[in-house]
Amino acid sequence: MKEHKLHAIQDMDSLYAAQEKIYAREAKGRFQTLRKIAAWILLGGFYLVAWLPWDDRQAILFDLPARQFHILGLTFWPQDFFFLAWLLVIAALALFFFTALAGRVWCGYACPQTVWTEVFVAMERWVEGGRRDQIRLSKMSWKKPERIRKVLAKQALWIAFALWTGFTFVGYFTPIRELGYNILITLSSSEYLLGPWETFWVLFYALATYGNAGFLREQVCLYMCPYARFQSVMFDSNSLIISYDEERGEPRMKGKERKQAGDNAGDCVDCNMCVQVCPTGIDIRDGLQYECITCAACIDICDDVMERHDKPKGLIRYTTENALNHKPSKIWRPRTVIYGILLFCLTLGLALSIGLRSSLDVEVLRDRNAFFRVVDEQHIANVYTLKILNKTESAQRYQIAVSGLEGASVEWVHGQQVAAGEMGTLPIRIVAPTKSLKGFSQTIELRIREIAPQSGGQSVQRETRFFGPEAAR
Ligand code: SF4
Ligand code: SF4
């Protein structure tokens, strides 16, 4: 019985292959320079924008306790949530558009996983040296001080960078200067000024950065990222991919065999450099694979090799399946045109909606207890409750004009002011001469307008019904 169980466990173990660490060789070239520029811009933006001031507050601050999201000069409220949904639709469409146009360009140049991994790999290279040195170090005994020293130095750098990333991330949700000050005071004295959630999220995000970019690396792209799995449905034979030119490269040969073959040898000198630089450890010469994150390291290194062998560059290059099959490639085809038009319209629509969005939202609720009230022999009144959302950053007063019923006037019951960022519940009474009401009810229009001078005097119109004595019969 015991033996049977042991076999079962051994069988289960065999389902999982032990993951070998990939020691990628560093590649240099035009695409790696482009990727570095993209990383500097993206990471620079992430780490610096959190410190950018705007008027008397942070330029980008997602203030969750106050339920306000400040982005430059704009403030969004939970009621503006559909803008976020709209933005997500645009992001998804952009992914479809750029993938159809330029393949996995997102993965290679802009994905946070790739960008942060690049930084961790650069730190590793800085401390441990290139591929060969790293492999040598990994085989070195732990008793050697060199290994301990280098591993500790690398880990210290990684942890410091991950913590700074966690701190910056939380700095988008709580004022970063205050957070920095609290951390400094906490570190330099026995006073603990950080809140439990701030502490948790700084550590959690630091751990996520360290785990994903330092430890898991390409495993995230290979096994966790859903995009890698469904990207093939966005591709067609005109999509830009990184590909090895088999026609030109084969038969690959090296050394003596190559010399003997002379002109019969393909351009690939079988140096294996394209495999050594690949961060996901694949061989691009085996064809298009979902593991390829389009980092273009194999292009840069192969161009180097070709140059050294006096051969034209581009044995591995950005191309399309059509181009490889000597067919014309089309950038603009129905798929990309439709994605492009939709993307343009949605982006323009979002920009206009944000630009024209009102700082005021009003809902009019009728009093359900009575259709109307008699004021005197000539007048009747209807009672309404206004739910006014003040989306500005200062308290607002409002005025109301009523139209559609001759002689009607509005009376505020408990004031006409709503605090900044609050939803105010303000009852009003509309009084009208009984004789001006035709039939048992009439549609009236309320125009609610901000009267605080700094708000720009935005207004909204709402229709409702006004009931009279006929309604009671
Ligand atoms: S780097 Fe270029 S030449 Fe070297 S093995 Fe790869 S494809 Fe062949
Ligand atoms: S095969 Fe893909 S992932 Fe590997 S080096 Fe080339 S472009 Fe990068």
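**Ligands and helices**

Q: What surrounds ligand 2?
A: Ligand 2 is surrounded by Ile242, Cys278, Pro279, Thr280, Ile282, Ile284, Cys292, Ile293, Thr294, Cys295, Ala296 and Cys298. A residue counts as near if one of its heavy atoms lies within 4 Å of the molecule. Before we go on: this is a predicted model, where local features need pLDDT of at least 70 and side-chain atom pairs count only at pLDDT 80 or more, while totals for chains, interfaces and linings use all residues. Residues are numbered from 1 along each chain as its sequence is written, chains are lettered from A and ligands numbered from 1 in the order in which they are written, and side-chain values use heavy atoms, with hydrogens and water left out.

Q: How does the shell around ligand 2 divide into nonpolar, polar and charged?
A: Ten nonpolar, two polar and no charged. Here Ala, Val, Leu, Ile, Met, Phe, Trp, Tyr, Cys and Pro count as nonpolar, Asp, Glu, Lys and Arg as charged, and the others, Gly among them, as polar.

Q: And where does ligand 2 sit?
A: In the largest cavity. A cavity is a set of points, on a 1 Å grid over the protein atoms alone, where a 1.4 Å probe fits but cannot get out; a molecule sits in one if more than half of its atoms lie within 2 Å of its grid points.

Q: Switching to helices: how do H5 and H7 cross?
A: The axes of H5 (residues 112-128) and H7 (residues 145-170) come within 9 Å and cross at roughly 150°. Axes are lines fitted to C-alpha atoms, for helices over the stretch in contact, and angles run from 0 to 180 degrees between N-to-C directions. Helices are DSSP runs (H or I, at least four residues), as are strands (E, at least two), numbered from the N terminus.

Q: Roughly parallel or roughly antiparallel, then?
A: H5 is roughly antiparallel to H7, a label for angles over 145 degrees.

Q: What's the phi of Asp55?
A: Near 50°, a positive value in a residue other than glycine. Asp55 is in the loop between strands S1 (53-54) and S2 (57-58).

Note on methods. Parallel < 35°, antiparallel > 145°, perpendicular 65-115°, else oblique. 1 Å grid on protein atoms, 1.4 Å probe; cavity = no way out; pocket = protein on both sides within 12 Å on 5 of 7 lines; lining within 4 Å.
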